[in-house]
Number of protein chains: 2
Amino acid sequence: MTYSQRIKTIFSQLDEPVDIILLRNSSDPFIDPTFFYVTGIKKGLFEGCSILLGPDGSSHLLVSNLEEPLVPIGQKSTCFSSKKEYTDLLTELLTDCNTVGINTAMTLYDEYQQLRQLIPEKKLISISQAVKNTRIIKDEEELHQIQEACHIADQVMTKIPTFFSTSLTEHELAATIDHQLKLQGASSSAFETISSFGINTAKPHYTSGNKKIQPGDFIICDFGATVNHYHSDTTRTFVYGSASKKQKQIHQTVLNAQQQALNHIKPGVNANTIHQIANDTINATEFKGYFIHSTGHSLGLNVHDSGIGFAPHYQTPLQSGMVLTVEPGIYIPTIGGVRIEDDIVVSPDGYIQLTQSPKQLIEIPTK
Amino acid sequence: MTYSQRIKTIFSQLDEPVDIILLRNSSDPFIDPTFFYVTGIKKGLFEGCSILLGPDGSSHLLVSNLEEPLVPIGQKSTCFSSKKEYTDLLTELLTDCNTVGINTAMTLYDEYQQLRQLIPEKKLISISQAVKNTRIIKDEEELHQIQEACHIADQVMTKIPTFFSTSLTEHELAATIDHQLKLQGASSSAFETISSFGINTAKPHYTSGNKKIQPGDFIICDFGATVNHYHSDTTRTFVYGSASKKQKQIHQTVLNAQQQALNHIKPGVNANTIHQIANDTINATEFKGYFIHSTGHSLGLNVHDSGIGFAPHYQTPLQSGMVLTVEPGIYIPTIGGVRIEDDIVVSPDGYIQLTQSPKQLIEIPTK
């Protein structure tokens, strides 16, 4: 799909038509990735820049002088070098429009009100749902970017056992993972890398600290690569030294739960059904009650893309082209946790797994 | 200042009183750092969590079960494990309140509207300005965190000449900088590290690419460390090999502009005056017109903290405790650019410089 077609698709999804759509980026980190979706711009954040989209698939970028050198050839744009120049330009370009579509899901309340005051006579209409509906199905170019981000994460994940030494801390491992992601071609890590050891693995949202590795520790590595604004997100659990029988049981249970969930992914199945299957698989074992989060989220230009997820409140049928994570886990405060996470794309026959690093429980030799 | 005092200060700055303040985090990256300001929480993002603040300086955290293990001891909190539990809890806690303060500058429009529907009988009042006014003056603990972030950045900046080899690319240098920041103790890089060579240095918002270093290239390194949610932001410009006379002139001009700006920083001086001084210094030379951005921005829990900056539209007097960057630059498309950036805190006598790495033009030996 070309960028022009993406824009037309957004317009075609609107409940209430608009004359024009205005997307605006605030300051980092308050950036709307839809900006990159409709332009294909791969580098730069374009803080404080806007883009106007027409129903014919056209786009007109309003770009600050600082970002102008990053505008790709062929992209229609007008440069501004002060706030006044920007507002003058914007009001001029909106002269003939009565209705302006706004992605209110990614717009700060104060910025919306400033726009409201700038163009009080125009009707502002939320286009968030149409953007979500469009972005939820990834096209070929998007899948290519996500696949590349997955490939980079796989390469790093596969090397993790080689990063260990007897005095390694969680934070040092996270630093190594992030460095390797960049060396493999990621522009950055997709989010703050999780590298937890021992009982810290029982805290799903713990990131990393100064704990040193100890024989017998579970190790959770949860990270992703960012490539041209797209993300991957994968998790593997290791044991430092020999795994206990209990550790092997926990890991195998999570692996079973993930496989059961994967087995049922295909177009038409409701997303929450997949979560229910993973949850039921774990709750049928002695680890009942220890799976404490949802089974997955949509993935793309946002690490947590909106609109779909393997969670109880998404009674939404899966469609081909949706990209999601599948990440069941078991967390026992006194022992630690296990999570296994892969990225998949829903395909006509079921799903295609995008992340590919080995899933069996790897015991990392102590030195 | 204790966290309780920070909360009381926000209430004391309100134009229109409120019974309670509600801060809510959305998904990463739409997180309101004010959440960390009022709690002192140093680890974790607390996605989807909220905090209620009382005029007596009290705070009550509404925390998801995933984030609960990260709540510090002594922080009053109630855990929820579903959206319904959250909304039930929130409406119950707001029962006796008529007016609820919202940080609308950091709240997404759709999330504001969801809250509006959840509690239609309450009056929602923006408290953004009071938050800005309070956060703009850093207290001792904040300065300590920023100083630590500056120290880490300084250590890495000082080592940059040792990272070079004949085939180094911009992207590899950025990866090394980010790795070193983490090894020195940063939780992450403060923003996407800028590492540009040659004529790419003439693009202020270019980050890094595959360009290999060439003798005679300008090198701009612009990065910062994040420490406990606080940031630093510093820039130095190097030359690979021997600097030409023109390169030395450009660098010296930027250095003069920065020194002139620094010389005039003290409480009571308007922020835009400092920009004017830097701009005038450059415009009095042959490089007139090549300084194309503002001279600095406020720095703290956001890399671009709001409310003040060394820019034409801030006719605001400086006050002790404000932390800002001072970063003039010259950008000539055919030659390249120079930027020198330090972080300072306004002090009763003038300013204290927080970043300390050497500023003179360093010529990195070619191998």
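## A salt bridge between K211(A) and D217(A)

K211(A) is partly exposed, its relative accessible area being 24%. The model that gives this value is a predicted one. The side chain of K211(A) meets that of D217(A) in a salt bridge, with 3.1 Å from N to O. D217(A) has a relative accessibility of 9% and counts as buried, because buried means under 20% relative accessible area.

Side chains of opposite charge can pair when their charged atoms come close. Over all chains, the count comes to 30 salt bridges. Some of the others are described below.

## Salt bridges between separate parts of a chain

K246(A) forms a salt bridge with E286(A), and the closest N and O atoms of the two are 2.9 Å apart. This pair links distant parts of the chain, since K246(A) is in helix α8 (residues 245-263) of chain A, while E286(A) is in the loop between α9 (271-283) and β13 (296-298) of chain A. The two residues are 40 residues apart. K246(A) has a relative accessible area of 31% and is partly exposed. E286(A) is also partly exposed, at 49% relative accessibility; exposed would mean over 50%.

In chain B, R339(B) forms a salt bridge with E327(B), where the closest N and O atoms are 4.0 Å apart. R339(B) lies in strand β17 (residues 336-339) of chain B, and E327(B) lies in the loop between β15 (323-326) and β16 (329-332) of chain B, so the pair ties together parts that are 12 residues apart in sequence. Are R339(B) and E327(B) buried or exposed? Both of them are buried.

## Two domains in chain A

Chain A is divided into domain 1 (3-135) and domain 2 (140-364). The contact between them takes 12 residues from domain 1 of chain A and 10 residues from domain 2 of chain A. Taken over C-alpha atoms, the centres of the two domains are separated by 34 Å.

The size of an interface is often given as the accessible area lost when the parts come together. For domain 1 and domain 2 of chain A, the buried area is about 990 Å². Carbon and sulfur atoms give 48% of that area.

## What joins the domains

How many salt bridges are found across the interface of domain 1 of chain A and domain 2 of chain A? There are 2 salt bridges. D305(A) forms a salt bridge with R135(A), the closest N and O atoms being 3.0 Å apart. Salt bridges that share partners join R135(A), K138(A) and D305(A) into one network.

On the side of domain 1 of chain A that touches domain 2 of chain A, at least two residues each come from α1 (3-12), α2 (34-39) and α5 (128-135) of chain A. By class, this side of domain 1 of chain A has 6 nonpolar residues, 1 polar residue and 5 charged residues.

## The interface of chain A and chain B

The contact between the chains takes 45 residues from chain B and 45 residues from chain A. Together the chains bury about 4,100 Å² between them, with 60% of it on carbon and sulfur atoms. In chain B, the residues that lose the most area to chain A are L66(B), Y109(B) and H205(B). These residues together account for 17% of what that side buries.

Between chain B and chain A the count is 2 salt bridges. D178(A) forms a salt bridge with K182(B), with the closest N and O atoms 2.8 Å apart. There are also 21 residue pairs in polar contact between the chains. Which elements of chain B give two or more residues to the side that touches chain A? They are α4 (109-118) and α7 (170-183) of chain B. The largest share of this side, 8 residues, comes from α7(B). The residues of the side of chain B that touches chain A divide into 19 nonpolar, 16 polar and 10 charged.

## A leucine in chain B

L255(B) is found in helix α8 (residues 245-263) of chain B. L255(B) has a relative accessible area of 18% and is therefore buried. Leaving out residues up to four places away in sequence, L255(B) touches I340(B) and K359(B). G309(B) is 54 residues from L255(B) along the chain, and the C-alpha atoms of the two are separated by 19 Å.

How values were computed:
Residues numbered from 1 in each chain as written. Chains lettered and ligands numbered in written order. Predicted model: local features only at pLDDT ≥ 70, side-chain atom pairs only at ≥ 80, totals over all residues. Heavy atoms only, no water. Domains from an automatic or database assignment. Contact = heavy atoms within 4.5 Å. Buried area = accessible area lost by both parts, 1.4 Å probe. Helix = DSSP H or I, 4+ residues; strand = E, 2+ residues; numbered from the N terminus. Nonpolar A, V, L, I, M, F, W, Y, C, P; charged D, E, K, R; others polar. Buried < 20%, exposed > 50% of the residue type's maximum accessible area, 1.4 Å probe, protein only. Polar contact = N/O pair within 3.5 Å; in protein donor to acceptor, adjacent residues only side chain to side chain.
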